[in-house]
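Please walk me through this structure from the whole chain down to single residues.

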Amino acid sequence: MVDGVPAPEAVHRTGRGEPLLLLHGVLLTWQSWGVVLDELATGHTVLAPTLPGHWGGPEAGRPATVTALVDHCERLLDESGWDTAHIAGNSLGGWIALELAARGRARSCTAIAPAGLWRTPAAADSLLRRFRAFGPLIGLGPDRQPTMPSLLRSLLLPLLADRPAAVPNALAKAMTAAITECAIVDDLSADPNLPVGFTGLAELEIPTTILLPEHDRVLPPHVYAPLTPTAAIEIRALPGLGHVPMLEAPDLITAEILATIARATAVHPA
C-alpha cells in the first residue's frame with residue numbers, strides 16, 4: 001500500500017463482447033484508464049494489464065525492454081485465447097499497441113499520445129531527461145528524497161493532465177502512488193531500440209487512430225515525426241488535453257476508441 005492506496009491487481013478483466021486490450025503508459029497502471037474502462041466494458045470483454053515492472057504488475061525480466069513488454073502483452077492475448085483484439089494504448093502503451101498491430105494481433109488500434117514515433121533519436125533523449133529531472137522525487141535514482149504525497153501530486157499531475165483539478169482525487173492518488181513504484185525506467189532508458197522507436201506505421205492496414213493531446217507536457221508535438229494519414233490511419237489532435245487524456249476527458253476518449261472499433265467493424269462485420 002502506498003499513501004493509503006492498495007496496489008492494483010496485475011490484470012483486470014471485465015465486460016462482455018468483442019475483445020479489447022487496454023495498455024497504460026510508463027510509470028502508471030491499468031487504473032489510468034479510469035471510467036473509460038467501465039464504459040468500454042458495457043460492450044466489450046476488456047483485458048487491462050499492468051505492465052511488468054510497474055506497480056502491482058508482474059516482475060520484469062532483465063533487461064526490461066520495449067520488445068519484452070510487447071512479447072508479454074502478446075502472451076496475454078494468447079493466454080486469453082484471442083488471436084486478435086481491438087487494442088488501445090496510451091504513451092508507452094500506445095507504442096506497444098502499434099507493435100502488436102504490426103505483428104497482426106490487432107483488429108483496430110487507437111494510439112493515444114504514443115511514444116516511439118520520434119522525429120529524431122534526440123526526441124527520445126529529451127523524454128528521458130524529463131524523467132530523470134523528477135528521479136530523486138519519485139524514486140528513480142539513488143538520491144530519492146522523501147516527499148509529501150500531496151506535494152508529489154501537485155508536481156506530477158500537471159505532467160499527466162492539462163487540468164489537474166478535473167482528475168478525481170482517488171484516481172490522482174492512485175496515479176501518484178504508481179509513479180513512485182515503477183521499477184524499470186532505468187532499464188527502458190538503456191534499451192537500444194528506444195531511440196529507434198516504431199518504424200512500421202506506414203505499413204499498417206487495420207483501422208488505426210493516432211490521438212495527439214494539444215497540451216502534452218511529456219510528449220509535446222515537436223517530438224513526433226511528420227505523420228501522414230492513409231486509408232487506414234487517422235490522425236487527430238485532442239484540444240485542451242494533457243498526456244493521459246482519459247484522466248480528464250473520459251467520455252471523449254471512450255468515443256474515440258469506439259469510433260476506431262466501428263471503422264474496423266464496418267470493414268469486417270462480426
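Of the contacts in the chain with a separation of 6 or more, 74% are between residues 24 or more positions apart; a contact means heavy atoms within 4.5 Å. This is a predicted model, in which local features need pLDDT of at least 70, side-chain atom pairs count only at pLDDT 80 or more, and totals for chains, interfaces and linings use all residues. Residues are numbered from 1 along each chain as its sequence is written, and side-chain values use heavy atoms, with hydrogens and water left out.

The chain has eight helices and seven strands. Both are DSSP runs numbered from the N terminus: helices are H or I with at least four residues, strands are E with at least two. The C-alpha trace spans about 55 × 40 × 35 Å along its principal axes. For 270 residues, a compact globule would have a radius of gyration near 18 Å, and the 17 Å of the chain agrees with that. The radius is taken over C-alpha atoms, and the globule rule is 2.2 Å times the number of residues to the power 0.38.

Buried residues make up 55% of the 270 residues. Here buried means under 20% relative accessible area, exposed means over 50%, and partly exposed is in between, with a 1.4 Å probe and protein chains only. The chain exposes about 11200 Å², of which carbon and sulfur atoms supply 57%. These areas come from the Shrake-Rupley method with a 1.4 Å probe; for residues, only the protein chains shown count as cover.

Nine of the 11 residues of α3 are buried, among them Leu92, Trp95, Ile96 and Leu100. The buried residues of α3 pack against β2 (18-23), α2, β4 (85-90), β5, α7 (185-189) and β6 (208-213). Just after α3, glycine 104 takes a positive phi of about 85°.

Next come the charges. Side chains of opposite charge can pair when their charged atoms come close. The chain holds 18 positive and 27 negative charges, and their mean positions are 3 Å apart. Lys and Arg count as positive and Asp and Glu as negative, while His and the chain ends are not counted; the place of a charge is NZ of Lys, CZ of Arg, CG of Asp or CD of Glu. A salt bridge is a side-chain nitrogen of Lys or Arg within 4 Å of a carboxyl oxygen of Asp or Glu, and by this rule the count comes to 11.

One of these salt bridges joins arginine 103 and glutamate 74, with the closest N and O atoms 2.6 Å apart. Arginine 103 lies in the loop between α3 (92-102) and β5 (106-112) and glutamate 74 in helix α2 (residues 66-79), so the pair ties together parts that are 29 residues apart in sequence. Arginine 103 is partly exposed at 34% relative accessible area, whereas glutamate 74 is buried at 17%. Both belong to a network of salt bridges that links Asp71, Glu74, Asp78, Arg103 and Arg105.

Glutamate 234 forms a salt bridge with arginine 236 (2.6 Å, N to O). Arginine 236 is partly exposed at 29% relative accessible area, and glutamate 234 is partly exposed at 29%. Glutamate 234 also forms a salt bridge with arginine 263, the closest N and O atoms being 3.5 Å apart. Because glutamate 234 lies in strand β7 (residues 233-238) and arginine 263 in helix α8 (residues 250-267), this pair ties together parts that are 29 residues apart in sequence.

The loop between β7 and α8 holds histidine 243, which is buried at 4% relative accessible area. Most residues other than glycine have a negative phi, and most peptide bonds are trans. Serine 91 has a positive phi near 60°; serine 91 lies in the loop between β4 and α3 and is buried at 6% relative accessibility. Leucine 27 has a positive phi of about 80°. Leucine 27 is found in the loop between β2 and α1 (35-40) and is buried at 5% relative accessibility. The peptide bond from arginine 62 to proline 63 is cis, with omega near -5°, and proline 63 is in the loop between β3 (44-49) and α2.
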